[in-house]
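Hello,

Here is the structure I promised to pass on to you. Please open it and keep it in view while you read my notes.

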Amino acid sequence: MVEVNCPVSPKVLDGLPKLLETSFARKNIVHVSQGNYIPWFKGRIWIVVKGLIKISAPRSDGDELILCFLGRNQAFGEPFSLIDDCSPLALVDCELLHLPIEEVYNSPPLALAILESLSLRHRSTELNLTVVLAKTAEERVKEFLELLATDFGKPVEEGLMIGFSITHQDIANAVGVSRVTITRILSQLKKTGWLKKLDEGLFVIAFK
């Protein structure tokens, strides 16, 4: 199993919410319902106040390329990306802070907090590369689900539950194999007891 760190450090978790509450008006908070896409505006950023986001982009073959998953206090947006055609999707009901990048330049405490958040996201991206380098398709699936469970999981009696619904196609797009292969691998992992799927489309990993 790959050892991973929380994508956002305690310093950011403690400091960024307080900074947002005291320095920025609530009028900048945007509510995005589950299943809706977030606009990708030039020169503007988003900060996740509450919720979970999936960011993807189209591949040349028409399929979706999953770039990352983001949670509370993590920042994203056009100024932080070299990909123009990104599609951020709300995986659950979300609250997002919407700001022009100039406000970050004019607020050193906010800039520092976002820098740390982006730095930790970069480390998470490096760990995601280890998924692609795994030798077998099953290893890639297991390492990908372990990363999600570690970053966004909730402890339950059976193990660690990934905190949002994820489809077989999502997993296929993330690890670079077919959906049919994902279905076969997940079925095998459930037979071995490593994985459990709940009715709501949530997965529980029984770390042993």
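**Helix α5**

Helix α5 (residues 168-175) is mostly covered, with six of its eight residues buried. Those buried residues are His168, Asp170, Ile171, Ala172, Asn173 and Val175. Here "buried" means under 20% relative accessible area, "exposed" means over 50%, and "partly exposed" is in between (1.4 Å probe, protein chains only). Helices (H or I, at least four residues) and strands (E, at least two) are DSSP runs, numbered from the N terminus. After α5 comes Gly176, which has a positive phi near 80°.

A word on the source: this is a predicted model, where local features need pLDDT of at least 70, side-chain atom pairs count only at pLDDT 80 or more, and totals for chains, interfaces and linings use all residues. Residues are numbered from 1 along each chain as its sequence is written, and side-chain values use heavy atoms, leaving out hydrogens and water.

**Val30**

Now look at strand β1 (residues 29-32), where you will find Val30. Apart from neighbours within four places in sequence, Val30 is in contact (heavy atoms within 4.5 Å) with Trp46, Cys94, Glu95, Leu96 and His98. Cys94 is 64 residues from Val30 along the chain, yet 8.2 Å separates their C-alpha atoms.
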